[in-house]
Structures are given as C-alpha cells and as structure tokens.
Amino acid sequence: MDFERLLEPVTPELFRSEYSDRKPLYIPAPEGADKALLSWDGFEQATSIMANWPKSTIRLAKNKQQLDCSHVRTTAAERGVAGTSRTGTIDMAKVHELLAQGYNFVGARCEYILPELGALCADLNARLNVRATAILFASFRNIGSFDKHFDTNDVFAIQCEGRKRWQIFAARADSPVKQDRAAGRAEDASDEVIFDEVLGPGDVIYVPRGYIHEAVTQSDTSLHVSISLHEFRALKVVDILRDLVLDDPAFRANLPDVRNGDYRVIRPMLTDLADRLAGLLASDRLVEEIAFRQNIRSQPWHRIDMAEVASSPRYIVLLNAVQDRDAREERLAGYLSTNELPLVERRVVEWIADRKTFSRAALAAEFSFAEPSIDAMLARLEEAGLIAEGRRG
Ligand SMILES: [Fe+2]
C-alpha cells in the first residue's frame, strides 16, 4: 500500500489542494480495492511480537478509564505467554486477561511490525515530509475507549475488521500542538456534527488535527489502524535556535539583575540579542538546519540487508588513531572549517569521528537521504587522510 492507493479514488493533488490540514475526507472502500491492511491474524502476529517490546507500546482502555503500563508489565517472577517475555516488557497473558474483561487495545509503533504498514508509513514520510506512525485499535461493541477528543496530528484511520461509527464535530482547535494539549478542551465544543458515518473494512477517513471526533464500535469487535502524521512545526525553529545561539558568546553572558523592577538595565542587552536572533532567523544556516532535520525525520528507517552488509566496504577512522587529544580536535576542526562543508557532510564527519571503524552500509543507513553523495564524501575524507578503507571483518 502506498499514499496513492490509500487515497484512491481521490488523487494526491486533490487531497493536497482541498483537504490536507483543511477538512476531513471520507473515502469509502472502492469496489474491488482492498485497503483493509490487516485481519485478526495480522493483529495476532503484531501482538505476539509486541510481547518483547517496551511496556509503553500498549495501552488498555475501558469506559474512558485507561490502564497505565504497570498493569501489563512483566516482572522477573512472572513470565508471559510461552515464557518469552522479560522484565520490563509486556506480559501478553495479562493483556489477554484484560481484553477478556472488556478492555480495548491500543498498540503503538506498528509500522515496525507489519511490513504493509511500514511501507505505507515510509511512503507517507517521503511524500508528505512527515514522520508517520501507526497505532492499532482493537475494541469491543459498546465499550467506550476515548472521550470526544481532538488529536494534535493529522490522522488517517483505516477500518480493517468490523464496523465503527465516526462522528466529527464542527468545532476545530486552532493548530493544536502536543505541548499545549490542555488548552482547547473537547467538551467545551459545540455539538454540531459535520460527519457521521459507519466505517466498514477498507473504508478510510482523514481527520486533520484539531477536529473534535468520536469513534464508537458498532460490531461485536472492531480493528482499525490510525496513522498519525507528525509534522515539522514552526516551534522546531526555537529548538534549532537554541543550538545555534550556543556559538555566540552574547547568549552565554550573564543577565542583569531585574528583581527590583528596573527593566531599563536589561533593555540594551535584549535589543542586542533580538538583533542577533533576527540575523539567525534570516540566515541560510537556519534553513539548512531545518532541511537537514526534515530529511533525517522523513528518511526510511534502517533495515538490515545481509547481502549489503557482507559486501559493504569497511573504513578505519585514522583520525581516532591520533593519540594527542588536542591534535585530533585540531585536525577535525580543520577539516570541518576549511572545506566549507554543507551541513549534511559536517554531520557525517561528526558521526564518523565518534567511531574507530565503520562500514559504508552503516553510514548509509544512518543518512539514507544523502545516499547519492556518500561516496564523494568518503573519497574526500580518504584523500584528507581522516579515514582509510580497511579489510572486512
Ligand atoms: Fe483521535
């Protein structure tokens, strides 16, 4: 499944111009096209793998009450299904017991478990410049799991088994982000319904962030996948600025004492800092940093390819054979500064500088978006004497 098939018969162009971040989109399963990504067999497969995962991957909910992960955690004395679980991971026997008591199941990070979901999320990442994560919801009829709520990310929900009634309300929170989740409470919103349909297997709904909605199971059991699209928000600029200002001593200076209410003593300093921040905001350096972080976030995650691992060249980091720490730092700083390297190459060099040896395959997995320029970077590093191709093993 890819982005195009998910939207079918709606085109990606129409989605972008009419719906993306604007309004909900309901896509009933087109005749003959099966978009239901998994069956109960797939659910079983996913949950059996989850037994070895961090306990925070699974949540259980019943009538608006959510159990924290302590309810499904294994301890050294208690072992889970088939004795495979370890301390601190999920005890699936406990999960089964709670499901039998009518708890609904919410499992995160399923893009790592089910190849179909992984492929769809990777395509969404590349196409929409997001980090897509998949969450599984298995629920029982008449057992509520969540109150009316809004999400802080856009969501594609794909009904896989059973039927679920989705209602979306007119009220929409303005660009909510998870940091201010407490603001814009869903229960304060009006009850005007703008969407009300029962979704069956293969039906898809897109809910932009901020739209208040509720989903209630209509069949005995229901299985659906929600794909959350984590966008790169403007707030990230502030995080990046925090890193960039470290290079400027003006931001490392002490602030004047304003406890007595005399704000004049701090004004000249703040005006100077504002000018410096404005300079950074207008700089290519900031944009380069944004592009780098977007690339890292949306690139495909690493998969192990044995043939590639076996044939991949290995490199020795000669830089790290330099015994004198100051001499090493000087060589590294010299390489980074004199060559006016693009940001991605600086980051590659920093990654290499943390290692004694590395394989090309490992480097390419870490920076897969930069694959076309990796060989040229390695050649420059070899020429500068910072690395040397070594024997395998
Ligand atoms: Fe939701």
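Me: In what order do the 3 strands of the open sheet with S12, S13 and S14 stand?
Reply: In this predicted model, the pairing within the sheet of 3 strands is antiparallel. Strand S13 (357-359) and strand S14 (387-390) are the edge strands, each pairing on one side only, and neighbouring strands are turned by 30 degrees against each other on average, direction ignored. The order of the open sheet is S13-S12-S14.

Me: Which residue in S14 is the bridge partner of Val-317?
Reply: Strand S12 (residues 314-317) and S14 run antiparallel and are joined by 4 bridges. Within S14, the bridge partner of Val-317 is Ile-387.

Me: Which residue in S3 stands opposite Lys-62?
Reply: S2 and S3 are paired in the antiparallel sense over 3 bridges. In this pairing the residue of S3 that stands opposite Lys-62 is Gln-65.

Me: Which residue in S4 stands opposite Leu-60?
Reply: Strand S2 (residues 58-62) is joined by 4 bridges to strand S4 (residues 104-107), and the two run antiparallel. Opposite Leu-60, the residue in S4 is Phe-105.

Me: Which residue in S5 is the bridge partner of Gly-107?
Reply: S4 pairs with strand S5 (residues 131-140) in the antiparallel sense, and 3 bridges make up this pairing. The bridge partner of Gly-107 in S5 is Leu-136.

Me: How many of the 14 residues of helix H10 are buried?
Reply: H10 covers residues 325-338 and reaches 20 Å from its first C-alpha to its last, close to the 20 Å expected at 1.5 Å a residue. After this helix comes Glu-340, whose phi is positive, near 45 degrees. H10 is hardly covered, and its count of buried residues is 1.

Me: Is Asp-21 buried or exposed?
Reply: Asp-21 is found in the loop between H2 and strand S1 (25-27), and although it is not a glycine, its phi is positive, at about 60 degrees. Most residues other than glycine have a negative phi. Because 12 C-beta neighbours lie inside 10 Å, and 12 or fewer is the cut-off for this class, Asp-21 counts as exposed.

Me: Why does Ser-175 count as partly exposed?
Reply: Ser-175 has its place in the loop between strand S7 (164-172) and strand S8 (193-199), and its phi is positive, near 40 degrees. A residue is exposed at 12 or fewer neighbours and buried at 20 or more, and partly exposed in between. Ser-175 is therefore partly exposed, the number of other C-beta atoms within 10 Å being 13.

Me: How many C-beta neighbours does Gln-45 have inside 10 Å?
Reply: Gln-45 lies in helix H3 (residues 40-50), and its C-alpha atom is separated by 24 Å from that of Gln-218, which is 173 residues apart from it along the chain. Gln-45 counts as partly exposed because its number of C-beta neighbours inside 10 Å is 14.

Me: What is omega for the peptide bond from Glu-8 to Pro-9?
Reply: Pro-9 is found in the loop between helix H1 (3-7) and helix H2 (12-19). Most peptide bonds are trans. The bond from Glu-8 to Pro-9 is cis, with omega near 10 degrees.

Me: How far apart are the C-alpha centres of domain 1 and domain 2?
Reply: The chain is divided into domain 1 (3-230), domain 2 (235-297) and domain 3 (306-390). Its C-alpha trace spans about 70 × 65 × 50 Å along the principal axes. Between the C-alpha centres of domain 1 and domain 2 the separation is 38 Å.

Conventions. Residues numbered from 1 in each chain as written. Predicted model: local features only at pLDDT ≥ 70, side-chain atom pairs only at ≥ 80, totals over all residues. Pairing = 2+ DSSP bridges. Axes fitted to C-alpha atoms, helices over the stretch in contact; angles between N-to-C directions. Domains from an automatic or database assignment. Expected span 1.5 Å × (residues − 1).
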